[in-house]
Amino acid sequence: MYSDALLVIGIAICTAAAGEGLTYLLVYRQPEYQRLKAEMERKTKKLEKKKETAPDDSKIVKRKIEREEERLKATNRDLSMFKMKSMFAIGLVFTALLSTFSSIFEGKVVAKLPFVPFSLLQNLSHRNLIGDDLTDCSFIFLYILCTMTVRTNLQKLLGFAPSRAMSKQQGGGLFVPPAQNSQFSYLR
């Protein structure tokens with residue numbers, strides 16, 4: 001079982017590295033991407049500077065900030081569209097790889113979890129395994145966890161992850177509430 005777990009971790013590391021390599025070839029080294037990313041960084045810094053120095057009560061300044069935010073959103077949309085084309089192709093390749101590896105490890109327990117996953121993850125963590133021990137871990141669960149972890153850290157290591165300022169402007173994540181718009185704030 002330990003050798004299978006190590007093999008799955010190795011597969012995840014190799015596929016994440018190959019995915020980042022392909023992404024570099026198809027996206028990151030392209031002049032269009034570099035131009036859009038530089039423009040995004042420039043607009044983000046400009047917007048942050050305006051927000052810091054702007055008086056709170058000026059309607060004109062608020063409109064200028066809103067226009068800058070709209071321009072930033074348009075640039076972000078262009079950047080996302082540029083990345084999406086190659087990500088779609090890479091996704092198809094890795095889906096084929098995932099199904100191949102899943103068939104190789106079908107029915108094998110590759111790891112033992114130190115906990116019983118909550119009900120939403122039980123179908124994934126115990127997928128195609130025989131038996132009722134919910135601490136048994138299937139290939140797909142371990143592979144997804146490892147790939148997500150390795151790919152995120154690899155992007156940060158290679159400098160492909162978005163900067164903190166850009167991440168802050170793009171939203172901050174799933175659990176961060178959206179910024180309130182003063183026009184539609186009914187609780188003031």
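Reader: Which residues does the UniProt annotation "transmembrane region" cover?

Author: According to the unreviewed UniProt entry, residues 6-27 and 87-105. Positions from UniProt are given in the numbering used here, feature names are shortened, and annotations may be inferred rather than shown by experiment. What you see is a predicted model: local features need pLDDT of at least 70, side-chain atom pairs count only at pLDDT 80 or more, and totals for chains, interfaces and linings use all residues. Residues are numbered from 1 along each chain as its sequence is written, and side-chain values use heavy atoms, with hydrogens and water left out.

Reader: How much of residues 6-27 is helix, and how much is strand?

Author: The span is 100% helix and 0% strand. Its end C-alpha atoms lie 31 Å apart. Both words come from DSSP runs, numbered from the N terminus: a helix is H or I over at least four residues, a strand is E over at least two. Residues 87-105 are 95% helix and 0% strand. Their end C-alpha atoms are 26 Å apart.

Reader: How many helices and strands are in the chain?

Author: Six helices and two strands. Along the sequence they follow the pattern α-α-α-β-α-β-α-α.

Reader: What span should the residues of α1 have at 1.5 Å a residue?

Author: The 27 residues of α1 should span 39 Å. The rule is 1.5 Å times one less than the number of residues. The end C-alpha atoms of α1 are 36 Å apart, which agrees. Helix α2 (residues 31-53) has 23 residues and reaches 33 Å, close to the 33 Å expected. Helix α5 has 20 residues and reaches 27 Å, close to the 28 Å expected.

Reader: Why does Cys-14 count as exposed?

Author: Compare its value with the cut-offs. Buried means under 20% relative accessible area, exposed means over 50%, and partly exposed is in between (1.4 Å probe, protein chains only). Cys-14 has 53% relative accessibility, so it counts as exposed. Its place is in helix α1.

Reader: And why does Ala-17 count as partly exposed?

Author: Ala-17 has 40% relative accessibility, so it counts as partly exposed. Ala-17 also lies in helix α1. Tyr-24, in α1 (residues 2-28), has a relative accessible area of 37% and is therefore partly exposed.

Reader: Which residues of α1 are buried?

Author: Among them are Asp-4, Val-8, Ile-11, Gly-19, Glu-20 and Tyr-28. The buried residues of α1 pack against α2, α3, β1 and α5. In α2, the buried residues include Tyr-33, Leu-36, Glu-39 and Lys-43. Over the whole chain of 188 residues, 30% count as buried.

Reader: Which residues is Tyr-24 in contact with, leaving aside neighbours within four places in sequence?

Author: Arg-29 and Phe-160. Contact means heavy atoms within 4.5 Å. Tyr-24 and Phe-160 are 136 residues apart along the chain, yet their C-alpha atoms are separated by 8.8 Å.

Reader: How far apart are Cys-14 and Thr-147 in sequence and in space?

Author: They are 133 residues apart in sequence and 9.2 Å apart in space, C-alpha to C-alpha. Ala-17 and Thr-147 are 130 residues apart along the chain, with C-alpha atoms separated by 9.5 Å. Thr-147 is one of the buried residues of α5. The buried residues of α5 pack against α1, α3, β1 (111-112), α4 and β2.

Reader: At what angle do helix α3 and helix α5 pack?

Author: The angle is about 140 degrees, and the axes are 10 Å apart. Here α3 is residues 59-104 and α5 is residues 139-158. Axes are lines fitted to C-alpha atoms, for helices over the stretch in contact, and angles run from 0 to 180 degrees between N-to-C directions.

Reader: What does that make α3 and α5 to each other?

Author: Under 35 degrees counts as roughly parallel, over 145 as roughly antiparallel, 65 to 115 as roughly perpendicular, and the rest as oblique. Therefore α3 and α5 are oblique to each other. Leu-98, Phe-101 and Ser-102 of α3 meet Phe-139, Ile-140 and Tyr-143 of α5 in this contact.

Reader: What makes Asn-128 stand out in its phi?

Author: Its phi is positive, about 60 degrees, although Asn-128 is not a glycine. Most residues other than glycine have a negative phi. Asn-128 sits in the loop between α4 (119-125) and β2 (136-137). Its relative accessibility is 47%, so Asn-128 counts as partly exposed. Gly-159, which follows α5, also has a positive phi, near 85 degrees.
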